[in-house]
Amino acid sequence: MPTPNKKKVIAAIIQHIQSAMAVINAAIGDAHTAATHEETQAKSKYDTFALESSYLANGQTKRLAELDEALKYFKNILPPSSSQTITHNHLIKLSKEDDSLLYVFLAPCGGGIRVKVDGCAVSVVTPDSPIGESLLGTRIGDVFEIKTKGQTAEYEVLKYWD
């Protein structure tokens, strides 16, 4: 199995964020138009289309702010500290107990972003996630377990890149 290039991973994450932001910007415009258009004004107290559209626009605006924060982070990413353990900004290769491989990029934001680079799927994880929290401070060869939804999964750190 090929190994993804870290610079390409970061570039793919930035591209993913920019694409998502463009889609959300369009959705915000549509939701705002729907919320304020004269034809969507409530005709009765049970007509809530305009109110729901304004809630949607508000939620999309919050998501856009999160993506903007992640975009700034990934555009200005610094190399990880020169520690012997995994910290933010490492690209990490893990092996699951079924011998499948998993690539993750540990960052303080952008969790849930998934990109494909050099034939490998790479997921951004944050320390707020179970896998991100478990990875902080690990070394090559370390094994850890994560319990989610009543099931336990075991992972081994095979390699990481600065």
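Let me start with the largest pocket: which strands and which helix each supply at least two residues of its lining? They are strand 2 (101-106), strand 4, helix 3, strand 5 and strand 6.

Before I go on, the housekeeping. This is a predicted model, so to speak: local features need pLDDT of at least 70 and side-chain atom pairs count only at pLDDT 80 or more, while totals for chains, interfaces and linings use all residues. Residues are numbered from 1 along each chain as its sequence is written, and side-chain values use heavy atoms, with hydrogens and water left out. When I say helix or strand, I mean DSSP runs, H or I with at least four residues for helices and E with at least two for strands, numbered from the N terminus.

Back to the pocket. The largest one holds about 180 Å³ of space. The volume is the space filled by probe spheres set on the grid points, which are joined across faces, edges and corners. The grid is 1 Å over the protein atoms alone, and a pocket is an open set of points where a 1.4 Å probe fits, with protein on both sides within 12 Å along at least five of seven lines; lining residues have an atom within 4 Å of a point. Among the lining residues are L102, V104, S123, V125, I131, I146 and Y155.

Two strands count as paired if DSSP finds at least two bridges between them. As a reminder, strands of a sheet pair through backbone hydrogen bonds, either parallel or antiparallel.

Strand 5 and strand 6 run antiparallel, and six bridges join them. V143 has E156 in strand 6 as its bridge partner, and E145 stands opposite E154, also in strand 6. The two strands form a hairpin with two residues between them, and K149 in that turn has a positive phi of about 50 degrees.

What about aromatics? The whole structure has four aromatic pairs, where a pair means rings of Phe, Tyr or Trp (its six-membered ring) with centres within 6.5 Å; planes under 30 degrees apart are stacked, over 60 edge-to-face, and the rest tilted. Y73 and F74 make an edge-to-face pair, at 5.4 Å centre to centre and 90 degrees between the planes. Y73 is partly exposed at 22% relative accessible area, while F74 is buried at 1%. For the cut-offs, buried is under 20%, exposed is over 50%, and partly exposed is in between, with a 1.4 Å probe and protein chains only. The rings of F144 and Y155 sit with centres 5.6 Å apart and planes at 20 degrees, so that pair is stacked. That one links distant parts of the chain, F144 in strand 5 (residues 143-148) and Y155 in strand 6 (residues 151-161), eleven residues apart. F144 is buried at 8%, and Y155 is buried at 11%. There's also one aromatic cluster, formed by Y73, F74 and F105.

Y155 turns up again around S95. S95 is in strand 1 and is buried at 12%. Leaving out residues up to four places away in sequence, S95 touches S100, L101, E154, Y155, E156 and L158, where contact means heavy atoms within 4.5 Å.

Last, some loops. N89 lies between helix 2 (49-75) and strand 1 (91-96), and has a positive phi of about 75 degrees although it is not a glycine. Is N89 buried or exposed? N89 is buried, at 7% relative accessibility. D118, between strand 3 (114-117) and strand 4 (120-125), isn't a glycine either, and its phi is positive at about 50 degrees. D118 is partly exposed, at 30%. And T126, in the loop between strand 4 and helix 3 (130-135), is buried at 11%. Beyond four places in sequence, the contacts of T126 include L106, P108, C109 and E133.
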